[in-house]
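Have the structure open as you read.

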Amino acid sequence: MTFLLRCGYTPSFDCTCISDGGLLHIVHLHPRKSRWRVQKGHLDQMSMVLTAFECLEPDIIISSIPDNQVFPASRRAIENSQVFRDMFSCCDSRTTCVNEIIRLDERASNLTVLLNVLHNPPGLPVQVHSHAIHYRDNNSAQSNHLFQPQYIPGTVIPLPVIPLLLTLADKYCIESITETLSIHLSAHAPTDSLRVYGYAVAFNLGTVASMASQYLDPMASYGASQVAVIPTVAAYHRVLVLQNIRVQALRRILSGEEIFPHGYGLCTSHQRQTTSLWEARRTYLLGRIQSNTDVAGEMDIVRPLFTDCKTCHKACSAAVDMLGYKCRRVIRRVDQLREMTDGDLLVDGIYDL
Ligand SMILES: [Zn+2]
């Protein structure tokens, strides 16, 4: 007896289920190629929970066809997958047989992970309490970023494991954990932005991709093998456009920022000397601005030179603060590009927060 299952989540996803006496076979599950090639060795980095699987009260057997390995499992747990639910609703006009075996064309290593996920769905990473977060000065590089929750490291799923989990969640339609996995993925953005951006694009997690884009270093600073993690030219191009706009906008803001704007806060004693120091630093910096340059922080370097004069010191502080304010308004994420192409904001790259 052969059934054709249609998965409600992935319309092109057909698989064949063959019932043969007490055996259920699923053949050609998910015939299209996996969108993501999971690198060998990733499994080594997973915790014990994901390298071994044991079910205490099994009532069904899952078998890996290529590796000829069986896994006693709980039918109720595997029904967390829409694919299995569809299969049971399709094949089960009879009662479940204790010897029932589901044969899957899936490697045993992947089944181990899949069954762990179905039996013990991953929880959310635990956030660091806000009072424990160390906020950096407004003029630091952190000012280039929007606020992101921080998580206790041990509660975040290791980054190399996440693509495999997302692949399995997609392949077996475990919708309930995709959202959880996207939060684990985003937790890695500040420290591993390029890979998070690439993975997020690959799995159509647009919000995570946008969030990660603000942490990216200039694209030219990455090696070709690193950049290869971005799966599409379009996604790569969006980052290039974003970073180019940022450089132009930051240059324009810096070149227009005077230490005594319109004579405001002017120190009559040191006007020439102070202005000269400010402009020398500004000229130096203008030729070196990159998409991730902390312009205000870089200009703040001259402030200690004015410690002997309150007026000049105050003027420098005000100018640096103003720079910080203006630079924080420059777009920083790829999702802000669309809004720009629709309106005047494209002209100066300023995004009104
Ligand atoms: Zn002065």
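What share of the contacts in the protein with a separation of 6 or more comes from residues 24 or more positions apart? They account for 67% of those contacts. Keep in mind that this is a predicted model.

The protein has 353 residues, and 34% of them count as buried. Its secondary structure comes to 13 helices and six strands.

The mean pLDDT is 79, with 74% of the residues at 70 or more. Among the elements, helix 6 (residues 193-202) has the highest mean pLDDT, 97, while strand 1 (residues 2-6) has the lowest, 30. Over residues 1-46 the pLDDT is below 50, though the model still gives this stretch 82 contacts beyond near neighbours in sequence. Residues 343-348 are also below 50, and there the count of such contacts is eight. Where pLDDT is low, the predicted coordinates should not be read in detail.

**Two helix pairs**

Two packed helices are described by the angle between their axes and the distance between the axes. Here are two pairs from this model:

| Pair | Angle | Axis distance |
|---|---|---|
| Helix 4 (residues 162-171) and helix 5 (residues 175-187) | about 165° | 10 Å |
| Helix 9 (residues 233-255) and helix 10 | roughly 170° | within 10 Å |

Angles over 145 degrees count as roughly antiparallel, so helix 4 and helix 5 are roughly antiparallel to each other. Helix 9 is likewise roughly antiparallel to helix 10. As for handedness, helix 4 passes helix 5 in a left-handed crossing, and the crossing of helix 9 and helix 10 is left-handed too.

Who makes the contacts? On the helix 4 side you'll find Ile162, Leu165, Leu166 and Ala169, and from helix 5 come Ile177, Thr178, Leu181, His184 and Leu185. By class, the contact of helix 4 with helix 5 has seven nonpolar residues, two polar and no charged.

For the other pair, Arg251, Leu254 and Ser255 of helix 9 meet Arg282, Leu285 and Leu286 of helix 10. The contact of helix 9 with helix 10 divides into three nonpolar, one polar and two charged residues.

Now follow the chain into the loop between helix 10 (271-286) and helix 11 (295-299), where Arg288 lies. Is Arg288 buried or exposed? Arg288 has 8 other C-beta atoms within 10 Å, so it counts as exposed, the cut-off being 12 or fewer. In space, Arg288 is 9.6 Å from Val247, C-alpha to C-alpha, with the two 41 residues apart in sequence.

How values were computed: Residues are numbered from 1 along each chain as its sequence is written. This is a predicted model: local features need pLDDT of at least 70, side-chain atom pairs count only at pLDDT 80 or more; totals for chains, interfaces and linings use all residues. pLDDT is the predictor's confidence in each residue, from 0 to 100. Helices (H or I, at least four residues) and strands (E, at least two) are DSSP runs, numbered from the N terminus. Two residues are in contact if their C-beta atoms, placed from the backbone, lie within 7 Å. Axes are lines fitted to C-alpha atoms, for helices over the stretch in contact, and angles run from 0 to 180 degrees between N-to-C directions. Angles under 35 degrees count as roughly parallel, over 145 as roughly antiparallel, 65 to 115 as roughly perpendicular and the rest as oblique. A crossing is left-handed if the near helix is turned anticlockwise from the far one by less than a right angle, and right-handed if clockwise. Ala, Val, Leu, Ile, Met, Phe, Trp, Tyr, Cys and Pro count as nonpolar, Asp, Glu, Lys and Arg as charged, and the others, Gly among them, as polar. A residue is buried if 20 or more other C-beta atoms lie within 10 Å of its own, exposed if 12 or fewer, and partly exposed in between; C-beta atoms are placed from the backbone.
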